[in-house]
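Please keep the structure in view while reading.

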Amino acid sequence: MVAKFKSHASDRSFNWRWKDTPINRIAVINWIVGNGDCAYLEIGCDRNEVFHSVPASRKVGVDPNRGGTVRTTSDEFFAGNRDKFDVVFIDGLHTYEQVHKDVANAMRALDKGGWVVLHDLLPHDWIEAHVPRITAGSWTGDVWKVAFELAATDGVEFKIVKVDNGVGVFRLVGEAPELRDDSAILANAQFEYLHANIGDLPLADWAEARGWIASQR
């Protein structure tokens, strides 16, 4: 399978050391959730590893296969949703096209002062980031592409926390901002693009991100 996509291969890589900071996406989400008096939405629940670990008072979990509370796709859920949420976690299908839609929809479903969290923004190498999936190991897909759009979207404050495969966190500070669409540039971009332009992304260590989140409460 890897040989089939050798034209996408890259000898570049990142030396992310996730074990050096033993904080995962659940810890980031729960730092945002705080005392739990909030409405929480999770896209992509699978085995409920995250969903059952978040002590929010109102929880909705969307997954077409298993886990959560709503058995449907995220597209179908958002099409009929009229509720607002304080925290939205997106960890569904790891493709740029789908995550772009999930992020755009989450922004519209976010209550004032709310937060969106995304997983898998910092792959180690091209195999981990490749779409379609070509590894039996960790797979981030090309979720990273949405990070460039968020970083360039007016009315959004966004950081990527350097823990657990890259955990994106953002809040809206503008009046109903719309997610930037850079698909003309990003749709066919490969891992080399991320490696060459990583300096354009707002990376933050856990201490910095924790302080930033706390300052917004």
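The sections below describe a predicted model.

## The largest pocket

The volume of the largest pocket is about 560 Å³. Its lining comprises 26 residues, and Gly44, Cys45, Asp46, Asp63 and Asp91 are the ones nearest the centre. Two or more lining residues come from each of β1 (39–43), α2 (74–80) and α3 (96–108).

In terms of residue class, 10 charged, nine polar and seven nonpolar residues form the lining of the largest pocket.

## The second largest pocket

A volume of about 270 Å³ is found for the second largest pocket. Of the 15 residues that line this pocket, Leu110, Leu172, Gly174, Ala176 and Pro177 lie nearest its centre. The elements contributing two or more residues are α3, β4 (110–118) and β6 (167–172). The largest share, five residues, belongs to β4.

Six nonpolar and six charged residues, together with three polar ones, make up the lining of the second largest pocket.

## Packing of α3 against α5

Helix α3, which contributes to the lining of the largest pocket and to that of the second largest pocket, also packs against helix α5 (residues 144–151). The axes of α3 and α5 are 8 Å apart and meet at an angle of about 40 degrees; the two helices are therefore oblique to each other. The crossing of α3 past α5 is right-handed.

On the α3 side, the contact is made by Tyr96, Val99, His100 and Val103, and on the α5 side by Lys145, Val146, Glu149 and Leu150. By class, this contact has five nonpolar, two charged and one polar residue.

Terms used:
Residues numbered from 1 in each chain as written. Predicted model: local features only at pLDDT ≥ 70, side-chain atom pairs only at ≥ 80, totals over all residues. Heavy atoms only, no water. 1 Å grid on protein atoms, 1.4 Å probe; cavity = no way out; pocket = protein on both sides within 12 Å on 5 of 7 lines; lining within 4 Å. Points joined across faces, edges and corners; volume = space filled by probe spheres on them. Helix = DSSP H or I, 4+ residues; strand = E, 2+ residues; numbered from the N terminus. Nonpolar A, V, L, I, M, F, W, Y, C, P; charged D, E, K, R; others polar. Axes fitted to C-alpha atoms, helices over the stretch in contact; angles between N-to-C directions. Parallel < 35°, antiparallel > 145°, perpendicular 65-115°, else oblique. Left-handed = near helix turned anticlockwise from the far one by under 90°. Contact = heavy atoms within 4.5 Å.
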